[in-house]
Amino acid sequence: MNFTRRAFLVSTTALAFAPSAYATGGETPFDRDYVIEMARDLASRPYVEREMVPQEWQDLTYQQYRSIRFRLDRALWYETETPFNVDFFTPGLYFPRTVKVETVENGMTKPVAFDLEMFDKSEDVPQLPIDDTLGFSGLRLRTEMHRPGKTDEFCVWQGASYFRAIGLHEVYGLSARGLALKTGDPDGEEFPEFIRFWLERPEPGQRNMVVHALLDSPSVTGAYRFNVTAGADCIMDIEATLFPREDLPHVGIAPGTSMFLFDQTNHSRFDDFRPAVHDSDGLMIRNGAGEVLWRPLANPTRLQVSSFVDTNPRGFGLMQRKRQFSDYADLEANYHKRPGLWVEPREDWGKGSVTLVEIPADQEIYDNIVAYWRPAEPYAAGSQVDLSYRLIWGEEPQRTPMPRVINTAMGENTFGEGRLAVVDFEDSELFEDLGAITVFVDSPHAETSEGVLQRNPDTGGPRLAFSFQPGERNHVELRAQLLKDKQPASEVWLYRWTT
(Lines give C-alpha, C1' and ligand atoms only; values in the text may rest on other atoms or scores of the structure.)
Protein backbone atom coordinates (compact mmCIF):
# COMPACT_ATOMS: atom_id res chain seq x y z
CA MET A 1 0.00 0.00 0.00
CA ASN A 2 1.31 3.45 -0.89
CA PHE A 3 0.14 5.32 2.21
CA THR A 4 2.10 8.47 1.38
CA ARG A 5 0.23 9.05 -1.85
CA ARG A 6 -3.14 8.29 -0.28
CA ALA A 7 -2.37 10.84 2.45
CA PHE A 8 -2.16 13.57 -0.21
CA LEU A 9 -5.94 13.50 -0.39
CA VAL A 10 -7.16 11.64 2.68
CA SER A 11 -5.27 13.63 5.29
CA THR A 12 -6.68 16.92 3.97
CA THR A 13 -10.19 16.12 5.12
CA ALA A 14 -11.93 15.77 8.44
CA LEU A 15 -13.02 12.13 8.20
CA ALA A 16 -16.51 11.78 9.57
CA PHE A 17 -18.62 9.34 11.56
CA ALA A 18 -22.01 9.83 13.11
CA PRO A 19 -23.12 7.65 16.02
CA SER A 20 -25.93 5.31 15.06
CA ALA A 21 -29.03 4.10 16.84
CA TYR A 22 -28.40 0.65 15.37
CA ALA A 23 -26.86 -1.86 17.75
CA THR A 24 -23.63 -3.70 16.94
CA GLY A 25 -23.06 -5.61 20.16
CA GLY A 26 -24.70 -8.87 19.05
CA GLU A 27 -26.31 -10.61 16.08
CA THR A 28 -28.85 -8.56 14.10
CA PRO A 29 -31.07 -9.45 11.11
CA PHE A 30 -29.59 -8.01 7.92
CA ASP A 31 -30.34 -7.24 4.28
CA ARG A 32 -29.52 -4.37 1.91
CA ASP A 33 -32.63 -2.45 3.00
CA TYR A 34 -31.14 -2.38 6.51
CA VAL A 35 -28.18 -0.31 5.24
CA ILE A 36 -30.44 1.91 3.13
CA GLU A 37 -32.64 2.71 6.12
CA MET A 38 -29.57 3.35 8.25
CA ALA A 39 -28.29 5.84 5.64
CA ARG A 40 -31.73 7.49 5.43
CA ASP A 41 -31.87 7.86 9.22
CA LEU A 42 -28.32 9.23 9.36
CA ALA A 43 -29.16 11.86 6.72
CA SER A 44 -32.12 13.07 8.81
CA ARG A 45 -29.80 14.08 11.65
CA PRO A 46 -26.97 16.63 11.79
CA TYR A 47 -23.54 15.40 10.79
CA VAL A 48 -21.29 14.44 13.72
CA GLU A 49 -17.55 14.03 13.31
CA ARG A 50 -16.08 10.79 14.59
CA GLU A 51 -13.74 10.46 17.52
CA MET A 52 -10.05 9.94 16.84
CA VAL A 53 -7.93 7.11 18.21
CA PRO A 54 -5.38 7.96 20.97
CA GLN A 55 -2.59 10.35 20.01
CA GLU A 56 0.08 7.65 20.33
CA TRP A 57 -1.45 5.87 17.33
CA GLN A 58 -1.60 9.08 15.32
CA ASP A 59 2.05 9.84 16.11
CA LEU A 60 3.37 6.64 14.54
CA THR A 61 5.98 7.28 11.87
CA TYR A 62 5.54 6.01 8.33
CA GLN A 63 8.04 3.19 8.91
CA GLN A 64 6.49 2.24 12.26
CA TYR A 65 3.02 2.06 10.78
CA ARG A 66 4.27 0.04 7.81
CA SER A 67 5.90 -2.45 10.17
CA ILE A 68 2.56 -3.35 11.81
CA ARG A 69 1.59 -6.41 9.77
CA PHE A 70 -1.61 -8.41 9.86
CA ARG A 71 -1.08 -12.08 10.68
CA LEU A 72 -2.54 -14.15 7.87
CA ASP A 73 -3.41 -16.96 10.28
CA ARG A 74 -5.82 -14.53 12.01
CA ALA A 75 -7.71 -13.71 8.80
CA LEU A 76 -11.47 -13.96 8.78
CA TRP A 77 -12.52 -17.48 7.62
CA TYR A 78 -8.90 -18.69 7.61
CA GLU A 79 -8.57 -22.46 6.96
CA THR A 80 -12.30 -22.96 6.41
CA GLU A 81 -14.17 -23.96 3.27
CA THR A 82 -15.05 -20.32 2.69
CA PRO A 83 -13.21 -19.36 -0.55
CA PHE A 84 -12.28 -15.86 0.65
CA ASN A 85 -10.18 -14.57 3.55
CA VAL A 86 -10.35 -11.05 4.96
CA ASP A 87 -7.38 -9.18 6.46
CA PHE A 88 -7.64 -5.98 8.50
CA PHE A 89 -5.59 -2.81 8.97
CA THR A 90 -4.88 -0.98 12.21
CA PRO A 91 -5.59 2.73 12.62
CA GLY A 92 -2.80 5.27 13.00
CA LEU A 93 -0.74 7.76 11.00
CA TYR A 94 -2.97 8.81 8.03
CA PHE A 95 -5.95 6.86 9.40
CA PRO A 96 -6.90 8.42 12.78
CA ARG A 97 -10.48 7.10 12.81
CA THR A 98 -11.80 3.56 12.57
CA VAL A 99 -14.56 1.68 10.82
CA LYS A 100 -16.94 -0.92 12.22
CA VAL A 101 -16.87 -4.32 10.50
CA GLU A 102 -19.49 -7.05 10.77
CA THR A 103 -19.99 -10.41 9.08
CA VAL A 104 -23.30 -11.60 7.64
CA GLU A 105 -24.20 -15.29 7.78
CA ASN A 106 -27.65 -16.84 7.38
CA GLY A 107 -29.14 -13.35 7.30
CA MET A 108 -27.66 -12.34 10.66
CA THR A 109 -24.81 -9.95 11.45
CA LYS A 110 -22.02 -10.40 13.95
CA PRO A 111 -19.36 -7.79 14.81
CA VAL A 112 -15.67 -8.45 14.17
CA ALA A 113 -13.80 -7.37 17.31
CA PHE A 114 -10.50 -5.50 17.14
CA ASP A 115 -7.61 -7.40 18.72
CA LEU A 116 -4.02 -6.16 18.65
CA GLU A 117 -2.90 -9.81 18.76
CA MET A 118 -4.04 -10.01 15.12
CA PHE A 119 -0.91 -8.04 14.19
CA ASP A 120 2.85 -8.44 14.33
CA LYS A 121 5.00 -5.34 14.73
CA SER A 122 8.65 -4.36 14.73
CA GLU A 123 10.56 -3.57 17.92
CA ASP A 124 10.62 0.17 17.23
CA VAL A 125 6.81 0.43 17.47
CA PRO A 126 6.09 1.96 20.93
CA GLN A 127 3.61 0.62 23.44
CA LEU A 128 0.19 1.62 22.13
CA PRO A 129 -2.86 2.27 24.34
CA ILE A 130 -6.03 0.23 23.84
CA ASP A 131 -9.43 1.85 24.43
CA ASP A 132 -12.96 1.71 23.04
CA THR A 133 -12.13 4.04 20.12
CA LEU A 134 -9.94 1.37 18.57
CA GLY A 135 -11.02 -0.64 15.58
CA PHE A 136 -9.88 -1.32 12.05
CA SER A 137 -9.00 1.35 9.51
CA GLY A 138 -9.86 -0.88 6.56
CA LEU A 139 -9.92 -4.37 5.16
CA ARG A 140 -8.41 -6.50 2.40
CA LEU A 141 -9.90 -9.42 0.45
CA ARG A 142 -7.94 -12.55 -0.49
CA THR A 143 -8.80 -15.59 -2.55
CA GLU A 144 -7.05 -18.29 -4.57
CA MET A 145 -5.85 -16.65 -7.79
CA HIS A 146 -2.83 -18.19 -9.53
CA ARG A 147 -1.26 -20.26 -6.73
CA PRO A 148 -3.27 -23.43 -6.00
CA GLY A 149 -3.99 -23.74 -2.30
CA LYS A 150 -2.75 -20.21 -1.51
CA THR A 151 -4.61 -16.94 -1.31
CA ASP A 152 -3.60 -13.64 -2.92
CA GLU A 153 -4.94 -10.18 -2.14
CA PHE A 154 -6.94 -8.46 -4.87
CA CYS A 155 -9.08 -5.76 -3.25
CA VAL A 156 -8.63 -3.17 -0.45
CA TRP A 157 -10.88 -0.58 1.23
CA GLN A 158 -8.98 1.95 3.36
CA GLY A 159 -9.15 5.71 3.89
CA ALA A 160 -12.24 7.93 3.32
CA SER A 161 -14.27 6.09 0.64
CA TYR A 162 -11.20 4.87 -1.28
CA PHE A 163 -10.82 1.33 -2.54
CA ARG A 164 -8.52 -0.43 -4.99
CA ALA A 165 -8.45 -3.73 -6.85
CA ILE A 166 -6.29 -5.67 -9.30
CA GLY A 167 -6.66 -8.43 -11.84
CA LEU A 168 -4.42 -11.43 -12.22
CA HIS A 169 -0.62 -10.76 -12.12
CA GLU A 170 -1.12 -7.02 -11.53
CA VAL A 171 0.01 -4.61 -8.81
CA TYR A 172 -2.04 -1.88 -7.16
CA GLY A 173 -2.20 1.44 -8.94
CA LEU A 174 -5.14 3.81 -9.27
CA SER A 175 -7.99 3.97 -6.75
CA ALA A 176 -11.74 4.36 -6.93
CA ARG A 177 -13.98 6.19 -4.47
CA GLY A 178 -17.53 5.81 -3.34
CA LEU A 179 -18.29 9.45 -4.19
CA ALA A 180 -16.48 12.68 -5.06
CA LEU A 181 -17.77 16.06 -3.89
CA LYS A 182 -16.58 19.46 -5.12
CA THR A 183 -13.37 18.10 -6.66
CA GLY A 184 -11.23 21.00 -7.84
CA ASP A 185 -13.57 23.66 -6.41
CA PRO A 186 -11.89 26.83 -5.07
CA ASP A 187 -13.40 26.31 -1.60
CA GLY A 188 -11.93 22.83 -1.31
CA GLU A 189 -13.08 19.26 -1.70
CA GLU A 190 -15.29 17.28 0.67
CA PHE A 191 -14.32 13.65 1.25
CA PRO A 192 -17.17 11.30 2.19
CA GLU A 193 -16.09 8.24 4.13
CA PHE A 194 -17.17 4.64 4.46
CA ILE A 195 -17.75 4.25 8.19
CA ARG A 196 -19.14 0.74 8.48
CA PHE A 197 -18.85 -2.53 6.53
CA TRP A 198 -20.84 -5.77 6.38
CA LEU A 199 -19.19 -8.83 4.80
CA GLU A 200 -21.47 -11.55 3.48
CA ARG A 201 -19.83 -14.94 4.02
CA PRO A 202 -19.50 -16.74 0.66
CA GLU A 203 -20.48 -20.37 0.20
CA PRO A 204 -17.82 -23.00 -0.63
CA GLY A 205 -16.92 -22.75 -4.32
CA GLN A 206 -18.39 -19.26 -4.69
CA ARG A 207 -16.29 -16.94 -6.89
CA ASN A 208 -17.86 -13.66 -5.83
CA MET A 209 -18.12 -11.88 -2.50
CA VAL A 210 -20.63 -9.23 -1.40
CA VAL A 211 -19.53 -6.27 0.73
CA HIS A 212 -21.92 -3.60 2.03
CA ALA A 213 -20.76 -0.16 3.19
CA LEU A 214 -22.34 2.85 4.90
CA LEU A 215 -21.12 6.25 3.70
CA ASP A 216 -21.31 9.52 5.62
CA SER A 217 -20.16 13.12 5.16
CA PRO A 218 -21.44 16.60 6.03
CA SER A 219 -23.40 16.78 2.74
CA VAL A 220 -24.63 13.25 2.05
CA THR A 221 -25.04 9.70 3.32
CA GLY A 222 -25.20 6.53 1.28
CA ALA A 223 -25.69 2.75 1.25
CA TYR A 224 -23.38 0.77 -1.04
CA ARG A 225 -23.41 -2.85 -2.13
CA PHE A 226 -20.28 -4.27 -3.83
CA ASN A 227 -20.57 -7.62 -5.62
CA VAL A 228 -16.90 -8.44 -6.23
CA THR A 229 -15.59 -11.19 -8.52
CA ALA A 230 -11.85 -11.92 -8.65
CA GLY A 231 -10.15 -13.15 -11.80
CA ALA A 232 -8.12 -12.04 -14.82
CA ASP A 233 -10.09 -8.83 -14.39
CA CYS A 234 -11.61 -7.89 -11.04
CA ILE A 235 -15.27 -7.05 -11.60
CA MET A 236 -17.38 -5.05 -9.16
CA ASP A 237 -21.11 -4.57 -9.59
CA ILE A 238 -22.08 -1.63 -7.40
CA GLU A 239 -25.47 -0.45 -6.19
CA ALA A 240 -25.53 2.89 -4.39
CA THR A 241 -28.39 4.74 -2.71
CA LEU A 242 -27.61 8.34 -1.72
CA PHE A 243 -29.44 10.67 0.67
CA PRO A 244 -28.22 14.30 0.32
CA ARG A 245 -28.35 16.35 3.51
CA GLU A 246 -28.08 19.45 1.33
CA ASP A 247 -28.16 20.25 -2.38
CA LEU A 248 -25.24 18.68 -4.24
CA PRO A 249 -24.44 20.90 -7.26
CA HIS A 250 -21.03 19.28 -7.84
CA VAL A 251 -21.11 15.55 -7.29
CA GLY A 252 -18.82 12.99 -8.92
CA ILE A 253 -20.24 9.52 -9.62
CA ALA A 254 -17.92 6.50 -9.89
CA PRO A 255 -14.75 8.57 -9.42
CA GLY A 256 -11.32 7.16 -10.24
CA THR A 257 -8.17 8.69 -8.76
CA SER A 258 -4.74 8.15 -10.31
CA MET A 259 -1.22 9.51 -10.76
CA PHE A 260 0.41 10.98 -13.86
CA LEU A 261 3.82 12.60 -13.53
CA PHE A 262 5.42 12.53 -16.99
CA ASP A 263 5.80 10.74 -20.33
CA GLN A 264 6.98 11.82 -23.80
CA THR A 265 4.69 14.84 -23.75
CA ASN A 266 6.45 16.55 -20.81
CA HIS A 267 9.60 14.59 -19.94
CA SER A 268 11.74 17.73 -20.32
CA ARG A 269 10.32 19.01 -16.98
CA PHE A 270 11.74 16.06 -15.00
CA ASP A 271 15.36 15.01 -14.55
CA ASP A 272 14.61 11.28 -14.29
CA PHE A 273 16.23 8.16 -15.74
CA ARG A 274 12.84 6.57 -16.47
CA PRO A 275 11.03 7.16 -19.79
CA ALA A 276 7.66 7.63 -18.06
CA VAL A 277 6.10 7.64 -14.60
CA HIS A 278 2.34 7.18 -14.25
CA ASP A 279 -0.38 4.85 -12.95
CA SER A 280 -2.60 5.79 -15.89
CA ASP A 281 -1.79 7.39 -19.24
CA GLY A 282 -5.20 8.31 -20.61
CA LEU A 283 -8.92 8.81 -20.15
CA MET A 284 -11.07 6.66 -22.44
CA ILE A 285 -14.72 7.51 -23.07
CA ARG A 286 -17.39 5.66 -24.99
CA ASN A 287 -20.09 8.30 -25.23
CA GLY A 288 -23.83 7.96 -25.66
CA ALA A 289 -23.48 8.16 -29.45
CA GLY A 290 -21.03 5.24 -29.43
CA GLU A 291 -18.02 7.42 -30.30
CA VAL A 292 -14.73 6.33 -28.67
CA LEU A 293 -12.55 9.15 -27.31
CA TRP A 294 -8.97 8.92 -26.05
CA ARG A 295 -7.58 11.80 -24.02
CA PRO A 296 -3.91 11.39 -22.99
CA LEU A 297 -3.36 12.62 -19.44
CA ALA A 298 -1.27 15.66 -18.57
CA ASN A 299 0.52 17.03 -15.55
CA PRO A 300 -0.23 20.74 -15.97
CA THR A 301 1.52 23.62 -14.28
CA ARG A 302 -1.86 24.85 -12.98
CA LEU A 303 -5.11 23.08 -12.12
CA GLN A 304 -7.19 22.24 -15.15
CA VAL A 305 -10.65 20.72 -15.51
CA SER A 306 -11.98 19.21 -18.74
CA SER A 307 -15.66 18.37 -19.24
CA PHE A 308 -16.84 15.99 -21.95
CA VAL A 309 -20.56 16.75 -22.22
CA ASP A 310 -22.72 13.73 -22.93
CA THR A 311 -26.09 12.02 -22.50
CA ASN A 312 -26.27 8.45 -21.20
CA PRO A 313 -22.57 7.57 -21.52
CA ARG A 314 -21.79 3.93 -22.27
CA GLY A 315 -18.61 3.99 -20.21
CA PHE A 316 -15.41 5.78 -19.27
CA GLY A 317 -12.22 5.06 -17.39
CA LEU A 318 -8.59 5.78 -16.65
CA MET A 319 -6.32 3.38 -18.55
CA GLN A 320 -2.71 2.24 -18.49
CA ARG A 321 -2.02 1.28 -22.10
CA LYS A 322 1.75 1.10 -22.09
CA ARG A 323 2.40 -2.45 -20.82
CA GLN A 324 6.11 -3.11 -21.44
CA PHE A 325 8.76 -2.86 -18.71
CA SER A 326 10.86 -0.75 -21.09
CA ASP A 327 8.10 1.88 -21.17
CA TYR A 328 9.02 2.77 -17.55
CA ALA A 329 12.28 0.91 -16.71
CA ASP A 330 11.25 0.85 -13.04
CA LEU A 331 12.13 -2.34 -11.15
CA GLU A 332 10.40 -1.21 -7.96
CA ALA A 333 7.13 0.46 -9.00
CA ASN A 334 6.28 -1.94 -11.85
CA TYR A 335 4.15 0.67 -13.59
CA HIS A 336 3.70 -1.67 -16.55
CA LYS A 337 1.61 -3.93 -14.27
CA ARG A 338 -0.79 -1.26 -13.01
CA PRO A 339 -4.45 -1.87 -13.90
CA GLY A 340 -6.86 0.29 -15.83
CA LEU A 341 -10.34 0.99 -14.46
CA TRP A 342 -13.47 1.01 -16.64
CA VAL A 343 -16.82 2.39 -15.43
CA GLU A 344 -19.95 0.99 -17.08
CA PRO A 345 -23.37 2.46 -16.11
CA ARG A 346 -26.09 -0.16 -15.61
CA GLU A 347 -28.86 2.31 -16.40
CA ASP A 348 -29.31 5.62 -18.23
CA TRP A 349 -27.51 8.41 -16.38
CA GLY A 350 -29.12 11.21 -18.38
CA LYS A 351 -27.38 14.48 -19.16
CA GLY A 352 -24.04 15.45 -17.65
CA SER A 353 -20.35 15.24 -18.38
CA VAL A 354 -17.39 12.97 -17.90
CA THR A 355 -15.11 15.28 -15.94
CA LEU A 356 -11.33 15.09 -15.82
CA VAL A 357 -9.41 17.00 -13.13
CA GLU A 358 -5.64 17.31 -13.57
CA ILE A 359 -3.68 18.72 -10.62
CA PRO A 360 -0.05 19.89 -10.85
CA ALA A 361 2.36 17.44 -9.18
CA ASP A 362 6.12 17.37 -8.75
CA GLN A 363 6.44 13.87 -7.25
CA GLU A 364 4.94 10.48 -8.02
CA ILE A 365 3.63 10.08 -4.44
CA TYR A 366 0.68 12.34 -5.27
CA ASP A 367 -2.56 11.18 -6.84
CA ASN A 368 -3.18 14.17 -9.11
CA ILE A 369 -5.74 12.81 -11.59
CA VAL A 370 -9.49 12.41 -10.97
CA ALA A 371 -12.17 11.31 -13.47
CA TYR A 372 -15.90 10.95 -12.75
CA TRP A 373 -19.43 11.44 -14.10
CA ARG A 374 -20.97 14.78 -13.14
CA PRO A 375 -24.77 14.93 -13.53
CA ALA A 376 -26.10 18.09 -15.19
CA GLU A 377 -28.77 18.58 -12.52
CA PRO A 378 -27.85 18.88 -8.82
CA TYR A 379 -29.06 16.22 -6.41
CA ALA A 380 -31.62 17.91 -4.16
CA ALA A 381 -31.47 17.87 -0.36
CA GLY A 382 -33.87 15.33 1.09
CA SER A 383 -34.05 13.28 -2.11
CA GLN A 384 -33.10 9.63 -2.69
CA VAL A 385 -30.73 8.85 -5.56
CA ASP A 386 -30.35 5.25 -6.75
CA LEU A 387 -27.39 4.33 -8.94
CA SER A 388 -25.89 1.13 -10.31
CA TYR A 389 -22.71 0.62 -12.31
CA ARG A 390 -19.95 -1.88 -12.96
CA LEU A 391 -16.23 -1.34 -12.33
CA ILE A 392 -13.74 -3.49 -14.23
CA TRP A 393 -10.11 -3.50 -13.07
CA GLY A 394 -7.59 -5.08 -15.42
CA GLU A 395 -4.85 -4.80 -18.01
CA GLU A 396 -7.35 -3.84 -20.70
CA PRO A 397 -10.76 -3.66 -19.02
CA GLN A 398 -12.51 -2.26 -22.09
CA ARG A 399 -11.75 -3.05 -25.71
CA THR A 400 -13.57 -1.44 -28.63
CA PRO A 401 -13.42 -2.29 -32.37
CA MET A 402 -11.67 0.99 -33.11
CA PRO A 403 -7.84 0.85 -33.45
CA ARG A 404 -6.37 2.44 -30.34
CA VAL A 405 -3.96 5.29 -29.77
CA ILE A 406 -0.86 3.71 -28.23
CA ASN A 407 1.42 6.70 -27.76
CA THR A 408 1.46 10.49 -27.80
CA ALA A 409 4.59 12.65 -27.93
CA MET A 410 5.07 16.42 -28.02
CA GLY A 411 7.98 18.71 -28.66
CA GLU A 412 9.36 21.73 -30.45
CA ASN A 413 8.89 21.58 -34.22
CA THR A 414 12.53 21.39 -35.28
CA PHE A 415 11.49 21.39 -38.97
CA GLY A 416 9.49 24.59 -38.74
CA GLU A 417 7.62 26.85 -36.36
CA GLY A 418 5.34 26.03 -33.44
CA ARG A 419 4.91 22.66 -31.74
CA LEU A 420 4.95 19.13 -33.13
CA ALA A 421 2.46 16.43 -32.08
CA VAL A 422 3.15 12.77 -32.84
CA VAL A 423 0.37 10.19 -32.35
CA ASP A 424 0.92 6.45 -32.84
CA PHE A 425 -2.00 4.12 -33.58
CA GLU A 426 -1.91 0.36 -33.20
CA ASP A 427 -1.78 -1.82 -36.31
CA SER A 428 -5.04 -2.96 -37.86
CA GLU A 429 -6.35 -4.51 -41.08
CA LEU A 430 -7.88 -1.12 -41.74
CA PHE A 431 -4.39 0.26 -42.25
CA GLU A 432 -3.18 -2.26 -44.83
CA ASP A 433 -3.18 0.54 -47.43
CA LEU A 434 -2.25 3.83 -45.77
CA GLY A 435 -3.02 5.58 -49.04
CA ALA A 436 -6.70 4.86 -48.41
CA ILE A 437 -6.59 6.57 -45.00
CA THR A 438 -7.43 10.24 -44.63
CA VAL A 439 -6.43 12.39 -41.68
CA PHE A 440 -8.63 14.76 -39.73
CA VAL A 441 -6.82 17.32 -37.55
CA ASP A 442 -8.53 20.30 -35.98
CA SER A 443 -8.22 22.92 -33.25
CA PRO A 444 -10.56 25.74 -32.25
CA HIS A 445 -7.59 27.72 -30.95
CA ALA A 446 -4.63 27.32 -33.27
CA GLU A 447 -3.62 26.82 -36.87
CA THR A 448 -2.63 23.20 -37.55
CA SER A 449 -0.83 21.52 -40.43
CA GLU A 450 -2.66 18.90 -42.50
CA GLY A 451 -0.74 16.07 -40.90
CA VAL A 452 1.56 13.41 -42.29
CA LEU A 453 0.76 9.70 -41.97
CA GLN A 454 3.57 7.13 -42.08
CA ARG A 455 3.94 3.53 -41.00
CA ASN A 456 5.88 3.03 -37.78
CA PRO A 457 8.25 0.09 -38.39
CA ASP A 458 8.41 -0.70 -34.69
CA THR A 459 4.64 -0.99 -34.06
CA GLY A 460 3.47 -1.79 -37.58
CA GLY A 461 0.72 0.80 -37.21
CA PRO A 462 0.43 4.32 -38.58
CA ARG A 463 2.06 7.38 -37.06
CA LEU A 464 0.39 10.75 -37.44
CA ALA A 465 2.54 13.87 -37.14
CA PHE A 466 1.27 17.42 -37.36
CA SER A 467 2.32 20.86 -36.16
CA PHE A 468 0.31 23.61 -34.53
CA GLN A 469 0.92 27.26 -33.78
CA PRO A 470 -0.09 28.23 -30.21
CA GLY A 471 1.07 31.82 -30.67
CA GLU A 472 0.46 33.74 -27.43
CA ARG A 473 -2.15 31.31 -26.16
CA ASN A 474 -1.48 29.45 -22.90
CA HIS A 475 -3.56 26.44 -23.94
CA VAL A 476 -4.70 24.79 -27.16
CA GLU A 477 -7.35 22.08 -27.63
CA LEU A 478 -6.48 19.54 -30.32
CA ARG A 479 -8.49 16.80 -32.04
CA ALA A 480 -7.42 14.16 -34.56
CA GLN A 481 -8.82 10.99 -36.10
CA LEU A 482 -8.07 8.61 -38.95
CA LEU A 483 -10.83 7.96 -41.51
CA LYS A 484 -11.40 5.37 -44.25
CA ASP A 485 -14.11 5.89 -46.85
CA LYS A 486 -15.26 8.83 -44.71
CA GLN A 487 -15.91 6.46 -41.79
CA PRO A 488 -13.97 6.37 -38.48
CA ALA A 489 -10.89 4.16 -38.68
CA SER A 490 -9.55 4.98 -35.22
CA GLU A 491 -10.48 6.40 -31.87
CA VAL A 492 -10.84 10.15 -31.59
CA TRP A 493 -7.61 11.57 -30.14
CA LEU A 494 -8.10 14.65 -27.94
CA TYR A 495 -5.43 16.68 -26.20
CA ARG A 496 -5.08 19.92 -24.28
CA TRP A 497 -1.67 21.49 -24.77
CA THR A 498 -0.67 24.02 -22.10
CA THR A 499 2.37 26.22 -21.64
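Modeller: A nonpolar core is a set of buried Ala, Val, Leu, Ile, Met, Phe, Trp, Tyr and Cys residues joined through side-chain atoms within 4.5 Å. Buried means under 20% relative accessible area, exposed over 50%, and partly exposed in between, with a 1.4 Å probe and protein chains only. The model is predicted: local features need pLDDT of at least 70, side-chain atom pairs count only at pLDDT 80 or more, and totals for chains, interfaces and linings use all residues. Residues are numbered from 1 along each chain as its sequence is written, and side-chain values use heavy atoms, without hydrogens and water.

Biologist: Which residues have the most contacts inside the largest nonpolar core?

Modeller: They are Trp-157, Tyr-224 and Phe-226, in a core of 85 residues. Apart from that core lies another, of 28 residues, with Leu-434 and Phe-468 among them.

Biologist: Why does Glu-79 count as exposed?

Modeller: The relative accessibility of Glu-79 is 69%, so Glu-79 counts as exposed. Its phi is near 55°, a positive value in a residue other than glycine.

Biologist: How do you know that Asn-106 is exposed?

Modeller: Asn-106 has a relative accessible area of 74%, and is therefore exposed. Phi of Asn-106 is also positive, near 55°.
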